[in-house]
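Subject: Handing over a structure, with notes

Hello, I am passing a structure on to you, and below it you will find my notes on what was found. Please read them slowly, with the structure open beside you.

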Amino acid sequence: MQLFWHRRDLRTADNLGLAAAADGDEFGDVVPVFCFDDGVMEHAGPPRVAFMLDALDGLRERYRDLGSDLVVRYGDPSAVLPRLAGEYDADRVVWNHDYSGLADERDRAVRAALSDTGITHEQFHDAVHHEPGAIRTNAGDPYAVYTYFWKKWRDREKADPAPEPAPGDLAAVSGGAIPSLSDLGFDDPDAAVPPAGTAAARERLESFCEADIHRYEEMRDYPAEGATSKLSPHLKFGTIGVREVFERTEAARAAADGEAERESVVEFQGQLAWREFYAQVLSFNPEVVTKNYKDYANPIEWRDDEAALEAWKRGETGYPIVDAGMRQLRDEAFMHNRVRMIVASFLTKDLLLDWRAGYDHFRERLVDHDTANDNGGWQWAASTGTDAQPYFRIFNPTTQGERYDPDAEYITEYVPELRGVPAEQIHAWPDLDADERAERAPEYPDPIVDHSERREHALAMFERARGED
Ligand code: FAD
């Protein structure tokens, strides 16, 4: 017998480690396992845990269809897995790599505990096409600039999806119950959580690849268009495999009507490469979870302003596009990428607050929170990351709103106080005089800062950090 330990790969199809275990006849049948350890739920809020539990339900159902089950256990995996291997008389444990420092620490402890008891183990790179370190500069270093990474990523051959195990490869076991949110000490989520599971992921992928992928390049920055895939929670929890996603996008590229549509598919594939770029940044620099990637000569003097942070979290800054984004996060545990960039820039360059405060909030609220991508996104916006936004290029929230939500459709979807106010006035909100604001939308807040002033403060703050003052 052998154990297959699921972590962020909650599916049976296109799962490299699982397929390899199922193929390893000399080790016998595979017992699928999931272990609830503290790390799995650390810093997670109800939406993310709800999505994970739903994904686990789907995974267990699939195993039951295949004549097996998902064995569920609780506790430290370095104690649980050797014990479980003993219970099932298993002499090999297989799993797929995860690339954060925390996961690495946990896996090292598991490997040591298994080796102590004479059980072999094997790990596979399943979550990405090209594992951290596979794509390097000509000098042999990991890439710190996306564009060069992307060119090599794009030109490398991609593996085909891995086969799903056959029923005969899986052990006829019976698993424990999947806990409820309250069993794990969580309240029900306030936000609407999308359906998890491989069937839901495939439905998303299919509908996206039939239509929106062909207008993705043109529309991806317009939040009201809903033209992105919304695959992020599925890619985070691995309810669908990256090889399956890529293969489907290649079919969409082949079916494209003309060069612009083909390029649009490639633009989407470029986002899959961003995900792998940040996975390698995190893998080689695990300290970025709490530390700036980029060194400045002096510490950045972030402000300490609890009231401003709370207003940002509630979506009550008086900057409509920022507030719409923060309320989308509250209501849907998701936010459109362009708006994530705007709210992150606003927190760091207008409120002058430390990116870590924003990251903590996203980590708790986002259904798709992924350490590598979330950290990469925040450090990009804060001008502290790899290939980050230069510190002097500061988003103007008003012009961002005008450009990417010209009719204020996205804004008014999430900020009902502004419904009925003409779009130009919504965008100009921070510049209207107080009486006009009170007349137009008495319930909507006044701007909590002046963007032009704060822009100057931000520039000075970064210049001091650079030692230019
Ligand atoms: P699509 O546009 O359809 O992209 C397809 C997939 O590519 C995404 O599902 C995602 O896996 C990947 N991807 C897209 N953009 C990026 C990117 N910039 N960096 C890395 N991968 C990307 N993404 C997360 O998955 N989890 C996070 O916790 C996260 N936090 C972010 C925080 C900030 C401040 C910023 C600016 C971005 C963050 N992103 C994060 C990246 C991006 O916003 C989301 O991946 C995207 O909005 C998810 O929507 P989608 O699936 O419709 O994306």
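**What surrounds the ligand**

The shell around the ligand draws at least three residues from each of domain 2 (128-161 + 198-284) and domain 3 (306-465), where the domain bounds come from an automatic or database domain assignment. Please keep in mind that this is a predicted model, in which local features need pLDDT of at least 70 and side-chain atom pairs count only at pLDDT 80 or more, while totals for chains, interfaces and linings use all residues. Residues are numbered from 1 along each chain as its sequence is written.

There are 28 residues around the ligand, and Thr 228, Ser 229, Ser 232, Asp 374 and Gly 377 come nearest; a residue is near a molecule if its C-beta atom, placed from the backbone, lies within 6 Å of it. Two or more residues of the shell come from each of α9 (232-237), α11 (259-284), α14 (337-350) and α16 (371-381), and α16 gives the most, with 6 residues. Helices (H or I, at least four residues) and strands (E, at least two) are DSSP runs, numbered from the N terminus. Sorted by class, the shell holds 11 nonpolar, 9 polar and 8 charged residues, where Ala, Val, Leu, Ile, Met, Phe, Trp, Tyr, Cys and Pro count as nonpolar, Asp, Glu, Lys and Arg as charged, and the others, Gly among them, as polar.

**The chain and its domains**

The protein chain has 21 helices and 5 strands. Its radius of gyration is 24 Å, close to the 23 Å that the globule rule gives for 469 residues, so the chain is as compact as a globular protein of that length; the radius is taken over C-alpha atoms, and the rule is 2.2 Å times the number of residues to the power 0.38. Of the 469 residues, 46% count as buried, which for a residue requires 20 or more other C-beta atoms within 10 Å of its own, whereas 12 or fewer make it exposed and values in between partly exposed, with C-beta atoms placed from the backbone.

The chain is divided into domain 1 (2-127), domain 2 (128-161 + 198-284) and domain 3 (306-465). The centres of domain 2 and domain 3, taken over C-alpha atoms, are separated by 27 Å. The contact between them takes 16 residues from domain 2 and 18 residues from domain 3, two residues being in contact if their C-beta atoms, placed from the backbone, lie within 7 Å. On the side of domain 2 that touches domain 3, α9 and α11 are the elements that give two or more residues, and α11 gives the most, with 5 residues. That side divides into 11 nonpolar, 2 polar and 3 charged residues.

Is Asp 98 buried or exposed? Asp 98, which lies in the loop between β4 (92-96) and α5 (101-116), is buried, because 23 other C-beta atoms lie within 10 Å. Not counting residues up to four places away in sequence, Asp 98 touches Arg 7, Arg 8 and Ala 103.

Glu 456, found in helix α21 (residues 451-465), is exposed, because 11 other C-beta atoms lie within 10 Å. Glu 456 and Asp 350 are 106 residues apart in sequence, and their C-alpha atoms are 9.4 Å apart in space.
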